[in-house]
Amino acid sequence: MTKLMNKPISELHELLVKKEITPVDLVNDCIAGVKSDDCNCFEALNFDGALKEAGKITEIKEEEYLKGIPYFAKDNYSTKGIETTASSNILNGYVPVFDATVISKLNRAGMIMVAKTTMDELAMGGTGTTGHKGSTLNPYDHSRIIGGSSCGSASSLALGLAPLALGSDTGDSVRKPASNGGLVGYKATWGRISRYGLFPFAPSLDAVGFFTRNVLDASYVLSALSGHDRNDMSSSYRKREKYENYVLGHKTLKKIGYFKAVMDSISDKTIKDSYVDLLNKLKAKGYEVIAYDYPVELLDALYPTYMIISCAEATSNDANLDGIRFGPTAKDNPKTYSEYMTECRTKGFSDLIKRRFVIGSFSLLSQNQEEMFSRAQKARRLIVDNLNRFFDSIDYLVQPASFAIPKKFSELSTAWSTHPDFLDNILTLGNFGGNPSLTLPMAFESGMPLGINVTGRIFEDGYVMGLGQEIENITGLKNLTVKEAK
Amino acid sequence: MEYEPVIGIEIHVELKTKSKMFSSAPCTFGKDPNSQTVPLDLAFPGTMPVVNEEAVVFGIRVSTALNMKVARTLYFDRKNYFYPDLPKGYQITQQFHPIGRDGFVEINVDGKTEKIGIEQAHLEEDTAKQIHLSDISLLNFNRCGTPLIEIVSLPEMHSGLEAMKYVEAIREIVAYLGVSDGKMENGSLRCDINVSLRPKGTIKLGTKCECKNLNTIQNIRSAVDYEVKRQSEILDAGGQVEQETRRYDEGLKQTVLMRKKTDAIDYKYFREPNIVPIDLDEGFIYDAIHSMNKLPNAYRSELKADGLSDYEIEELLKNQDFVVYFEDCLALGIKNSSTLWNFLMVDILGYLNKSQKTLDELKFSKENLVQLVNDLTSGKINSKQAKEVLAIMIEEGKNPTDIIKEKGMEQISDTGEVEKLVDEILKNNQQSVADYQHGKDHALGYLVGQVMKMSHGKANPNLSKELIVKKIGPCIKPTNK
């Protein structure tokens, strides 16, 4: 059982520098933890590779904050030589020939990847139930979901099996499960971290994200991951920053806003009380707290806009999965290329994925494009314009990351909601605008964690981290794992 | 009924950039299958396109050469369809905002200059190559991702000849720009030709057919002419032309049906989300344009002004290296451009062809060639000697002044000296003198020849001729009674 992996990076780093432990100790501890997993967190394992890497490290300097620390990566990051399936049968047996940029960056920082984590198939889904390995459980209550799509990364961190796990966030795929698992979940500004090697779901919304158990650790990881990458044209040339300085130096901006419509719609008493309480405490610390009228019709537009844009992009991005160059091949002796592809894709994708592809394709067809895809693009423009108007005068949008404790598996339905609640989709705002967005623990209800979310202006990732630290200080909720919380 | 053919042409030009349109793989032909690939070319998950700057420069140059407006912001779109040669399941192209638009090209048809409008030029990527064997299909991804520029004409051509001239003009321009081999036979320039007919004098366009597989310039003309004939016959018989894709069969000299366009694919175009719009710097565009090679039509007007005939110009233009070499020589101060043309296109070209060498491999400098041409023009040596000197220059690379001196070829141009020779010849050839004076003008040539012979070829022939005429002239032809 793990003795070390439930600790924050800062503590492990200190032990490593003092040579009280070695990277091999950490990896062995991590492996033991992975073996004890009872929540279905993992896809491919990299035990031998990790031990080998750990064995090569002889010295760790004070400033090598991440060196020698084990971590997990969501199974949609390309990892050279390690099977990567995005939890989809269509990629069974696919062993990439290259590392995603974030994987190489963490490697170069001396971090050691021990395992790949389960996810909703191809990152499409928010329940952590659609991957080819079945449902991933919430460590706090095995009858409840951890949420997705980065389910394995979230549950493994809530179990205390590593101090960092990479996720990816297209709608809220890091920030929602972070809320459900009592974790810090971060989605950087679109373009701040290279997406090269991240299997695309919807590139205009996709962002590299990750889970840690405190804000300082997250800031160090962000510093290691950010920067331009010549393999990703959308990655920004902006100067890299030392984001930990915002956290350590308490650098924040002063104006916090919330949406009136959101505040008025919260029905869960614990959430509302903790939220209001938090805002009051921030006010007491000298922050200005401003109620803002964001148009409700645009909040209602979040769900359909998100579904159309993400499904449209997904149907195109996943068109490469045709069984010809990688993945399982067709068995039924197809006569034509179209029979071949049809067989591979029919067998390889689950029905839920096919449904998204159908919606995406339908909305792009020339007779529908104007009414569906183009309209969704226009709606996105309005949503983002109005969000930017908010940020013209206000520095942060602070709101709950979830509005109820996570659902039980027995309560789930795959039917499409005809009257979606905008609260369930509020975090997509950050993907539409490409904003930096941080979820961290706010409260507990019935033994289940609940998160608060801080979203800032694009490329103000540092200030978002800074306020995250302020909130962490207020709530005192950090370094949570399921054992400590219970 | 009399019909007017309406022809529009789409030309795909493969750009000879060092690397591919969106990946770092090299664009090298003839290598082992699938050796010229990186993960993006095989569409491995997580790979992302990076726009090739050199391809953009080439795109700007093509657009400029075709008198188009160059886009200030580049956008790319996805064209979605499933096919084994398309690994991503979409092609990245510029559907909505091409790099160049609204241009034209000038062509010469039967001595008249015509302007053919060009709607747009856009950058995109090539597909992989499929090889179908009896029981298996093979895929070679080396070509996959090679940059293409597609040039779309307006439907403004009306004959096979015009269509052929148009493609020829585009081919010549891309070759001169150095952006493509422009070779139809190996597929680096590919044409799709749309042909429709309408009753003469009407405006509404008829149903068009698209012709593919045209791998020589001449085939374009043949295919269009055939298609015009085929469609006329259908219409004359009261039928209707169906929208089809046809291919030209070289053996049959006919277009044959490939597929009917009944269920056209919906390509579900949308903006490529991995490439954010690229604002082109004005300086970048300026540099791309101002470092462009000179275009064929610019050479045509310059060379015409230099006194070359149309034939001479067109012969020179067949090889860009030669026209550049020629103009370099002109710039060094040539006194007679036709003499230079003769040396270059007869003697030097002949030698290079025979020895399979290029102009770069010539042993003598342009300055030396210019010197030789000017020595001939000024009469320092005669043309026979000049050819002899040139032969030595080609073989040994010596400079002409030295050769002339060594061979003692320098002409006697001193009037007194030549006069002595002339007097001697006239004295010894009384009969020829008399013949000349009585109207037999060919006798003059004989006398000049004698002077040359006596001087071992060194006497200036023009001066000799002049002196002889002065002394014994005029040549009076007997009048007809």
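Which residue in S5(B) is the bridge partner of Arg78(B)? The partner is Ile92(B). The model in which this pairing is found is a predicted one.

## Strand pairing around S4(B)

Strand S4 of chain B spans residues 77-80, and strand S5 of chain B spans residues 90-93. The two strands run in the antiparallel sense and are joined over 4 bridges.

## Packing of H1(B) and H2(B)

Helix H1 of chain B covers residues 53-65, and helix H2 of chain B covers residues 160-177. Their axes lie 10 Å apart and form an angle of about 135°. Angles over 145 degrees would count as roughly antiparallel and those from 65 to 115 as roughly perpendicular, so H1(B) and H2(B) are oblique to each other. The crossing of these helices is right-handed.

On the H1(B) side, the contact is made by Arg61(B), Val62(B) and Ala65(B). These residues meet Ile173(B), Val174(B) and Leu177(B) of H2(B). By class, the contact between H1(B) and H2(B) holds 5 nonpolar residues, no polar residues and 1 charged residue.

## Packing of H8(B) and H9(B)

Helix H8 of chain B, residues 337-355, packs against helix H9 of chain B, residues 366-377. The angle is about 125°, and the axes are 10 Å apart. That angle makes H8(B) oblique to H9(B). The crossing of H8(B) and H9(B) is right-handed.

H8(B) contributes Thr339(B), Leu340(B) and Phe343(B) to the contact. From H9(B) come Leu369(B), Val373(B), Leu376(B) and Thr377(B). The residues of this contact between H8(B) and H9(B) comprise 5 nonpolar and 2 polar, with no charged residue.

## Contact between the chains

How many residues of chain B are in contact with chain A? There are 24, and they touch 32 residues of chain A. The chain B side of this contact consists of 16 nonpolar, 4 polar and 4 charged residues.

Notes
Residues numbered from 1 in each chain as written. Chains lettered and ligands numbered in written order. Predicted model: local features only at pLDDT ≥ 70, side-chain atom pairs only at ≥ 80, totals over all residues. Axes fitted to C-alpha atoms, helices over the stretch in contact; angles between N-to-C directions. Parallel < 35°, antiparallel > 145°, perpendicular 65-115°, else oblique. Left-handed = near helix turned anticlockwise from the far one by under 90°. Contact = placed C-beta atoms within 7 Å. Nonpolar A, V, L, I, M, F, W, Y, C, P; charged D, E, K, R; others polar. Pairing = 2+ DSSP bridges.
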